[in-house]
Amino acid sequence: MRELTLEEVQTILSEGVALARAKGFPSTVAVVDMGGNLRGVLRPEKGRIANPDIAIKKAWTAAALHRSTAQVRELMITPDRFGYGLQFTDQRLCMVGGGFPIIDKAGDVIGGVGTSGGPVDLDIACSLAGLRKLGFPTDFADPLKAAPKATKMGVKSTELAKAAAAKPAKVAKASAKVKKK
């Protein structure tokens, strides 16, 4: 697996900030490596002081979970998805759109990029600007979409989620069913 070069990091940062400025926003862009270590962050003048931390969290989340932060949000807030509640496990996780994994030609995640400071649609566009200029993939399909639904001891997680949404008594029944198996 290769590393991001310094020139690639600089391009991703500068392209994102340039796009944000062109749209009238002082957005911050951050890049992390495949281990979530910060490689660079660029906050223009008048950028809010919270933006670097948020951009870094978006980049870290995308690199750590190998998907965009918008996809992560769906996983974390949907009861029958495997990532439900993950946002409470690690303070580095961010489920706000604007973070993307950086994937090389071999399909390996070699880093992540995150942008903070504008509307979510602009944060997304700014994160993708440098990736597009460098020729990195920018179509991010959910890697688990085609995977079969997870089961726990023979009971589908969707059954538990549906029971939880319906009535507390049904949750007890579904849990008892799992314990018996």
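Reader: Which residue in β4 is the bridge partner of Val-32?
Author: In this predicted model, Val-32 has Gly-112 as its bridge partner in β4. Over in β2, Val-32 is partnered by Leu-38.

Reader: How do you know that β1 and β4 pair?
Author: Two strands count as paired if there are at least two bridges between them. β1 and β4 have six bridges, in the antiparallel sense, so they meet that cut-off.

Reader: What makes β1 (residues 28-33) and β2 (residues 38-42) a pair?
Author: Four bridges join them, again in the antiparallel sense. As at least two are needed, β1 and β2 therefore count as paired. They form a hairpin with four residues between the strands, where Gly-36 has a positive phi near 85 degrees.

Reader: In what order do the four strands of the open sheet lie?
Author: The order is β2-β1-β4-β3, with antiparallel pairing.

Reader: Why are β2 and β3 said to stand at the edges?
Author: Each has a single partner strand, so one side of each lacks a neighbour in the sheet. Ignoring direction, neighbouring strands are turned by 15 degrees against each other on average.

Reader: Why is β4 called largely enclosed?
Author: Buried means under 20% relative accessible area. Eight of the eight residues of β4 fall into that class, so the strand is largely enclosed by the rest of the structure.

Reader: What makes Ser-68 count as buried?
Author: Its relative accessibility is 6%, which is under the 20% limit, so the word buried applies. Ser-68 sits in the loop between α2 and α3 (69-77). Setting aside neighbours within four places in sequence, Ser-68 is in contact with Gly-99, Phe-100 and Pro-101.

Reader: Which residues have the most contacts inside the largest nonpolar core?
Author: They are Leu-4, Val-31, Ile-102, Val-113 and Leu-131, in a core of 17 residues. Two or more residues come from each of α1 (6-22), β1, β3 (99-103), β4 (109-116) and α4 (120-134). Of these, α1 gives the most, with four residues. Apart from this core lies another of five residues, among them Trp-60, Met-76, Leu-93 and Met-95.

Reader: What does Ile-102 touch, not counting residues up to four places away in sequence?
Author: Its contacts include Leu-4, Ile-12, Val-31, Val-113, Leu-131 and Phe-136.

Reader: At what angle do α1 and α4 pack?
Author: The angle is about 140 degrees, and the axes are 8 Å apart. That makes α1 oblique to α4, because an angle has to be over 145 degrees to count as roughly antiparallel. The crossing is right-handed.

Reader: Which residues in α1 meet α4?
Author: Among them are Glu-8, Ile-12, Gly-16 and Leu-19 in α1, which meet a set in α4 including Leu-122, Cys-126 and Leu-131.

Reader: Which strands do helix α2 (residues 51-65) and α4 lie across?
Author: α2 lies across β1, β2, β3 and β4, at about 150 degrees to β4. α4 lies across β3 and β4, at about 140 degrees to β4.

Note on methods:
Residues numbered from 1 in each chain as written. Predicted model: local features only at pLDDT ≥ 70, side-chain atom pairs only at ≥ 80, totals over all residues. Heavy atoms only, no water. Core = buried A, V, L, I, M, F, W, Y, C linked by side-chain atoms within 4.5 Å. Buried < 20%, exposed > 50% of the residue type's maximum accessible area, 1.4 Å probe, protein only. Contact = heavy atoms within 4.5 Å. Axes fitted to C-alpha atoms, helices over the stretch in contact; angles between N-to-C directions. Parallel < 35°, antiparallel > 145°, perpendicular 65-115°, else oblique. Left-handed = near helix turned anticlockwise from the far one by under 90°.
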